[in-house]
Amino acid sequence: SPDTVKDFVRDKGMTFNILLDKQGKIGNLYGVITIPTSYIIDKNGIIRGKHVGPMSYETMDHFISSIQ
């Protein structure tokens, strides 16, 4: 539920946006089939990177750096 996610984000001290796709529209649009799956999407809606599975800080840093 949104409240569960909100509590988790607060408890873990996450500072980035967490978006919920309640109706599955975005998941269907981008073909999301695995959770967690992280995407870097540019301002034009183009996927610039995709990572399936959990990410450590180092993995996320490398992931973002590799597409810049």
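Predicted model: local features only at pLDDT ≥ 70, side-chain atom pairs only at ≥ 80, totals over all residues.

Mentor: Start with D7. Its relative accessibility is 35%. Buried needs under 20%, and exposed needs over 50%. D7 falls in between, so D7 counts as partly exposed.

Trainee: Why is R10 called exposed?

Mentor: R10 has 56% relative accessibility. The cut-off is over 50%, so R10 counts as exposed.

Trainee: What makes D7 and R10 a salt bridge?

Mentor: Set the distance against the rule. The closest N and O atoms of D7 and R10 are 3.2 Å apart. The rule asks for a side-chain nitrogen of Lys or Arg within 4 Å of a carboxyl oxygen of Asp or Glu, so the pair qualifies. In general, side chains of opposite charge can pair when their charged atoms come close.

Trainee: Where do D7 and R10 sit?

Mentor: Both lie in helix α1, residues 2–12. They are 3 residues apart, about one turn of the helix.

Trainee: How do you know that D11 also pairs with R10?

Mentor: The closest N and O atoms of D11 and R10 are 3.4 Å apart. The limit is 4 Å, so this is a salt bridge. D11 has 58% relative accessibility, over the 50% mark, so D11 counts as exposed.

Trainee: What makes D42 and R48 a salt bridge?

Mentor: Their side chains meet at 2.9 Å, N to O. D42 has a relative accessible area of 21%. Buried means under 20%, so D42 is partly exposed. R48, at 47%, is partly exposed too.

Trainee: Which residues are joined into one network?

Mentor: D7, R10 and D11, through salt bridges that share partners. By the rule, the count comes to 3 salt bridges.

Trainee: Now the largest pocket. Which residues lie nearest its centre?

Mentor: I18, L19, P36, T37 and S38. The lining has 30 residues, and the pocket holds about 1,300 Å³ of space.

Trainee: Which elements give two or more residues to that lining?

Mentor: α1, α2 (25–30), β1 (37–41) and α3 (57–67). β1 gives the most, with 5 residues.

Trainee: How do the lining residues of the largest pocket divide?

Mentor: Into 21 nonpolar, 8 polar and 1 charged.

Terms used: Residues numbered from 1 in each chain as written. Heavy atoms only, no water. Helix = DSSP H or I, 4+ residues; strand = E, 2+ residues; numbered from the N terminus. Buried < 20%, exposed > 50% of the residue type's maximum accessible area, 1.4 Å probe, protein only. 1 Å grid on protein atoms, 1.4 Å probe; cavity = no way out; pocket = protein on both sides within 12 Å on 5 of 7 lines; lining within 4 Å. Points joined across faces, edges and corners; volume = space filled by probe spheres on them. Nonpolar A, V, L, I, M, F, W, Y, C, P; charged D, E, K, R; others polar.
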